[in-house]
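Notes below, in the order I made them.

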Amino acid sequence: MNEKENVLVSACLLGVACRYDGCPKPCKSVLDLKEKYNLIPVCPEIFGGLATPRPPCEIKNGRVVTKAGEDKTEFYERGANEVLKLAKIFNAKKAILKENSPSCGHGHIYDGSFTRTLVNGNGITAGLLEANEIEIRGESEC
């Protein structure tokens with residue numbers, strides 16, 4: 001019997017309303033992967049203890065902050081560690097994560113000015129997973 005590979009997926013891309021604004025962001029190309037892979041939904045912000053909805057956050061000077069300047073880094077780090085635990089439990093070597101997010105963004109994230117300006121960098125979860133040799137892709141790469 002051929003077992004499907006386990007892949008972590010940002011839950012919002014699967015249609016779960018867990019984003020900061022309480023809206024899902026279902027992505028058809030990601031949803032279609034369920035035929036080929038076991039998709040394991042993850043939401044680092046929820047796993048870290050943040051509510052939905054919640055104020056938007058961006059990474060500024062290495063810290064995750066709200067527009068009002070509240071530091072939420074601890075929540076994002078806690079959530080990233082929970083996602084890494086799941087990756088290990090399910091032996092997931094790949095992840096498909098929400099682009100530009102302060103948690104899940106890979107390669108590009110918002111710059112902390114809350115002007116939708118992108119800079120090179122990774123979100124907290126994407127960085128931790130990559131450091132643990134998990135291959136990351138964004139939804140546009142599926």
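First, the burial scale: I call a residue buried under 20% relative accessible area, exposed over 50%, and partly exposed in between, using a 1.4 Å probe on protein chains only. On that scale D21 is partly exposed at 32%.

Housekeeping. This is a predicted model, so I keep local features only at pLDDT of at least 70 and side-chain atom pairs at pLDDT 80 or more, while totals for chains, interfaces and linings use all residues. Numbering starts from 1 along each chain as its sequence is written, and side-chain values use heavy atoms, with hydrogens and water left out.

**Entry 1: salt bridges**

I searched the whole structure for salt bridges, taking a side-chain nitrogen of Lys or Arg within 4 Å of a carboxyl oxygen of Asp or Glu. The search gave nine.

- R19 pairs with D21, with the closest N and O atoms 3.1 Å apart. R19 is buried at 15% relative accessibility, whereas D21 is partly exposed.
- E70 pairs with K72 at 3.7 Å between the closest N and O atoms. Here E70 is partly exposed at 42%, and K72 is buried at 17%.
- E135 pairs with R137, and their closest N and O atoms are 3.2 Å apart. E135 comes out partly exposed at 36%, and R137 is also partly exposed, at 40%.

**Entry 2: helix α3**

Helices and strands here are DSSP runs numbered from the N terminus (H or I, at least four residues, for helices; E, at least two, for strands). α3 covers residues 73-89, 17 residues in total. I checked its span, for which the expected value is 1.5 Å times one less than the number of residues. From first C-alpha to last, α3 reaches 25 Å, close to the expected 24 Å.

Which residues of α3 are buried? I get T73, Y76, G79, A80, V83, L84 and A87. Seen down the axis of α3, these fall within an arc of 145 degrees, so they line one face of the helix. The arc is that of the directions from the helix axis to the C-beta atoms. An α-helix has 3.6 residues a turn, so residues three or four places apart point the same way. Turned away from the buried side are the exposed residues E74, K88 and I89.

What covers the buried residues of α3? Counting contact as heavy atoms within 4.5 Å, the cover includes strands β1 (5-10), β2 (37-42), β3 (57-60) and β4 (63-66), along with helices α2 (44-47) and α4 (124-131). After α3 comes N91, with a positive phi near 50 degrees.

**Entry 3: T117**

Where is T117? I found it in the loop between β6 (108-110) and β7 (118-120), partly exposed at 34%. Leaving aside neighbours within four places in sequence, T117 is in contact with I109, Y110 and D111.

I also looked for polar contacts, meaning N or O pairs within 3.5 Å; within protein, one atom must be able to donate a hydrogen and the other to accept it, and residues adjacent in sequence count only if both atoms are side-chain atoms. The T117 side chain makes one with the side chain of T115, at 2.7 Å.
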